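Here is a short tour of one protein model, written for someone who likes to see the cut-offs next to the values. Have the viewer open and follow along.

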Amino acid sequence: MLMSTFDASGQRRRTDHLPWASIISLLAAAGLFMGSALLQLIASLQRWVVFSGSRQLGDISAEDHLFDYYFPFDPWVPVGTAAQLFGIGALIQALGVLVMAVGVATLPNVSERHRGIAAIMVSVEIALAVLVAAWFGLHGAHALASGTSGTPSSLQHLFLLGFVSTDALIALAVLWRNKLWAASVACVFLIGLSLAGYLLATYVIAPLFAGSSHDTAPWTETVVAASTAAAGIAMLFASGRLVAGRLHNR
């Protein structure tokens, strides 16, 4: 994966340093994803531990859609600062996607003959990453604004655009599967924050641990947070592989 050319000393220095740009970017992405996961986890604890524990007999269950902060829409009742924490986490995750894309884009180009095609593919990958980041950013801004004001923002009407981020992440996972396998895996885990990932969490994954619900399954947002953390771990693995490859090729 990591190669140095010997055509000229300048070219050798350039390709020798490129892996470090990727390593630093991937490590930064890992940190951003883990930070996002932590905020999402704290938000989920507010709903499923603090708020749920305060419910009295006859009160509306914490599982009611009324308290969903993943993407607030009318009617909605805020739960502590869960929406704000989740919103900030989603914004951080959006930045992490862009940094991850930079890390993959700055991988050394091992084929000089196909540099033009590689440049086109990188442009496509960056465009897809920007699309994903734009949705996560919009998602986070909506949750943060809604939590701050106590009422769903006007962005609630863009709810169904969440499926676009799912398609873009799947496309990135396919494009990166041979370029950097761990980045491809990270994209799969990042689907957890998309609309499709949230539905999968609440109707399939969370019920496996906490049982099904007529509304939102307990710990749904915790599953989403775990998927973000898993993406961060994948980024750590990716940077580790690059370091190992660099040392091996010395």
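What share of the contacts in the protein with a separation of 6 or more comes from residues 24 or more positions apart? The figure is 74%, where contact means heavy atoms within 4.5 Å.

## Ground rules

This is a predicted model, in which local features need pLDDT of at least 70 and side-chain atom pairs count only at pLDDT 80 or more, while totals for chains, interfaces and linings use all residues. Residues are numbered from 1 along each chain as its sequence is written, and side-chain values use heavy atoms, with hydrogens and water left out.

## Overall make-up

The protein has seven helices and zero strands, so from the N terminus on its elements read α-α-α-α-α-α-α; helices (H or I, at least four residues) and strands (E, at least two) are DSSP runs, numbered from the N terminus.

Of the 250 residues, 46% count as buried. Here buried means under 20% relative accessible area, exposed means over 50%, and partly exposed lies in between (1.4 Å probe, protein chains only). The protein exposes about 11800 Å², with 70% of that supplied by carbon and sulfur atoms; these areas come from the Shrake-Rupley method with a 1.4 Å probe.

Helix H7 covers residues 220-248 and contains threonine 222. The side chain of threonine 222 makes a polar contact of 3.0 Å with the side chain of serine 44. A polar contact is a pair of N or O atoms within 3.5 Å; within protein, one must be able to donate a hydrogen and the other to accept it, and residues adjacent in sequence count only if both atoms are side-chain atoms. Leaving aside neighbours within four places in sequence, threonine 222 touches Leu41, Ser44 and Trp48.

Valine 224 is also found in H7. Is valine 224 buried or exposed? Valine 224 is buried, at a relative accessible area of 2%. Beyond its neighbours within four places in sequence, valine 224 is in contact with Gln40, Gly192, Leu193, Tyr198 and Ala201.

The C-alpha atoms of proline 19 and valine 243 are separated by 8.1 Å, across 224 residues of chain.

## Where H4 crosses H6

Helix H4 (residues 162-176) packs against helix H6 (residues 195-210) at an angle of about 95°, and their axes are 6 Å apart. Axes are lines fitted to C-alpha atoms, for helices over the stretch in contact, and angles run from 0 to 180 degrees between N-to-C directions. H4 is therefore roughly perpendicular to H6, a label for angles of 65 to 115 degrees.

Gly162, Phe163 and Thr166 of H4 meet Leu195, Ala196 and Leu199 of H6. The residues of this contact divide into four nonpolar, two polar and no charged. Ala, Val, Leu, Ile, Met, Phe, Trp, Tyr, Cys and Pro count as nonpolar, Asp, Glu, Lys and Arg as charged, and the others, Gly among them, as polar.

## Backbone details in the loops

Most residues other than glycine have a negative phi, and most peptide bonds are trans. Two spots are worth a look with that in mind.

The peptide bond from aspartate 74 to proline 75 is cis, with omega near -10°. Proline 75 sits in the loop between helix H1 (9-54) and helix H2 (82-105). Tryptophan 219, in the loop between H6 and H7, has a positive phi near 70°. Tryptophan 219 is partly exposed, with a relative accessible area of 32%.

Methods
Angles under 35 degrees count as roughly parallel, over 145 as roughly antiparallel, 65 to 115 as roughly perpendicular and the rest as oblique.
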